[in-house]
Amino acid sequence: MTGTLTAPTPRGGRIRYHRVLFHVTATLVALLFLAPIAWVVLASFRQATDSLKPPLPPWPTDGFTADSYVRLQEFGQSILHYTGNSAFVAIGTAVLTIIVSVLAGYGFSRYRFPLKGLVFVLILSTIMIPFQSILTPLFLLLAKMGLQNKLIGLVLIYTTLQLPFSVFMMRNAFDAVPKEIEEAARIDGMKGIAMLTKVMIPLVKPGIVTVGLFAFLNAWNEFLAALVLLTDQDKFTLPVLMTAVRYGRFGSVDWGAVQAGVMVMMIPCLILFLILQRSYIRGLTAGAVK
Amino acid sequence: MIEANPSDEAAPPTPRRSRKGDWMGLVYVLPAIALVVVFFLVPLGMTVWMSVHDWPLMGNPRWIGLDNYQRLWGDGSFWQALGFTVLYTLAATVGLMSVAFALALMVQSEGRATAFYRTAYFLPVVTGFASASLLWAWLSNVDSGLFSPAAQMLGMTERRVNILAEFTPAFWSVTIMVIWKMAGFFMVIIMSGLQAIPADYQEAARIDGAGWFQRFRWITLPLVRQPFALALILCVAGSMLAFDQFYIILNGGPSNQTVTAVYKIFNESFVSFRLGYGAALSVVLLLILLALSVIQLRLLREKGADK
């Protein structure tokens, strides 16, 4: 808890006292922010009878058990099935977003074509329009295309929603690559798509990770579109399934199962974030600094 | 032709000139254009088109002109939803911006301890609204939750209060959840602005004898205005579109008092299946949001100019 901060001006004891006070406050606030997460992590391992009682204390008083997770199997298909749905949607969105935005970013950065400026502004400006306001026609459109209740329909919509951010990120990433590198590769006989995949992509990898990470997390967590567009229970993603559990659509409300479900939804996000923290923050501040 | 101007630090590379290149570029961009057209522009046009129709789920749509908009004008439940959304936006924005600003000031310096605090404050952001709301629904539950039993145990209330059964505690429970979940997000945006302030400014002011508050008021605040404005716009837009938390934690209750604008559209379109009317509500909400963003951007630009 002592000064890993670089002290501005040494003013003796007063500064030291201030710093201790700062760290105590900051640590307390940190505990406050982490508490709800810690609470659900611990409570999810309690016995079925315990989960009817208030989580005071949150940890299991008579032995850890994975019962709550086992009970999740009883809702609809197994929880693995719904986790699979969510994973398909999230990974699908990440992959498609990466492909589409890398191509577009490269095109915008390295080529000149008619109406380029207009098209770029058009793609970016979709961020101004909330997708909630176009949900009703999307519902009809997917039905017409035969994509209603298909996870792939959700993937296409989520990818579209990611495009303004992702195309902007990738365009900037390609712009930052000096053109001398391409020149050299061209002399070596590289061209077309090989230039992109063999030479350029390795150089914009950080941008790709950021774009993919945001696409994955947003698709994994999205609720409203999934709720509206998926009516077939087999196709539910985790947020839609767990909301049904929370409202007792499968019988009485099982809070233990809700806690376990929250864990299944939350843990992958937390792990991904902790591993790729740098890429995440880079994406977040990309817009803020400009 | 308008050149899309890269604002990155590297000099923009000269685009290739060849005739073939003219169309090659478009080929690369085509998938993105296709997605935006099919899943964004077409539905956007359809929203407007549907809003002038009586559009049931089954059966044929019927042109009714501006009837939907007329009806909306006299629809008390829509204005109530909008009013509630504004109230929530005010509470969430004031709460979020002040907490986020305070957190940003706390974590702006570099160091191992601050890096830990930063991560801790940010962690709820990545959990997603659905999981955070489910978690909160449990914590706010009267029997097996945390808040009311804890309040009772600490002697703050005599009996266990059902937080979610009455408007005021339910409203604040959700608002506090949102502050908990989103403060870290705005903290990072504001922090990036704080870190961009050159250290010599603060140093010079300190040497001139400016105290902490003076430096904050005359250096930090004016220089952090731009990222702060960005955070503000994102926060207002996000709150005006709130749905997940009110659907998952409160189901719009107690007695439909926490139905937000998006929730109302959801109910009209996907519960009552009045798709045309839902579309009209969407158009109105869209216009309100665009107006809000334009006003905020204006304010930011004017203030940016007079410095």
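Guide: Helices (H or I, at least four residues) and strands (E, at least two) are taken here as DSSP runs, numbered from the N terminus. On that reading, chain A has 13 helices and zero strands, whereas chain B has 13 helices and two strands. The radius of gyration, taken over C-alpha atoms, is set against a globule rule of 2.2 Å times the number of residues to the power 0.38. For chain B it is 24 Å, well over the 19 Å given by that rule for 307 residues, so chain B is more spread out than a compact globule.

This is a predicted model, in which local features need pLDDT of at least 70 and side-chain atom pairs count only at pLDDT 80 or more, while totals for chains, interfaces and linings use all residues. Residues are numbered from 1 along each chain as its sequence is written, and chains are lettered from A and ligands numbered from 1 in the order in which they are written. The pLDDT is the predictor's confidence in each residue, from 0 to 100; chain A averages 89, with 94% of its residues scoring at least 70. Over residues 1-7 of chain A, however, the pLDDT is below 50, and beyond near neighbours in sequence this stretch has ten contacts in the model, a contact meaning that two C-beta atoms, placed from the backbone, lie within 7 Å. Where pLDDT is low, the predicted coordinates should not be read in detail.

Now to the interior itself. A residue is called buried if 20 or more other C-beta atoms lie within 10 Å of its own, exposed if 12 or fewer, and partly exposed in between, with C-beta atoms placed from the backbone. A nonpolar core is a set of buried Ala, Val, Leu, Ile, Met, Phe, Trp, Tyr and Cys residues joined through C-beta atoms within 7 Å. The largest such core has 171 residues, and those with the most contacts inside it are B:Ala100, B:Ala183, B:Phe186, B:Met187 and B:Ile190. Helix 7 of chain B (residues 167-195) gives the most to this core, with 16 residues. Domain 1 (13-70) and domain 2 (74-289) of chain A also both give residues to the core, so it lies between them; these bounds come from an automatic or database domain assignment.

B:Phe186 shows the packing at one point: leaving aside its neighbours within four places in sequence, B:Phe186 is in contact with B:Leu96, B:Met97, B:Ala100, B:Ala231 and B:Cys235.

The two domains of chain A have centres 32 Å apart, taken over C-alpha atoms, and their contact takes nine residues from domain 1 and seven residues from domain 2.

Between the chains, 86 residues of chain B are in contact with 86 residues of chain A. Helix 1 of chain B (residues 19-51) supplies the largest share of the side of chain B that touches chain A, with 21 residues. By class, that side has 61 nonpolar, 19 polar and six charged residues, where Ala, Val, Leu, Ile, Met, Phe, Trp, Tyr, Cys and Pro count as nonpolar, Asp, Glu, Lys and Arg as charged, and the others, Gly among them, as polar.

As for burial across each chain, 46% of the 290 residues of chain A count as buried, and 42% of the 307 residues of chain B.
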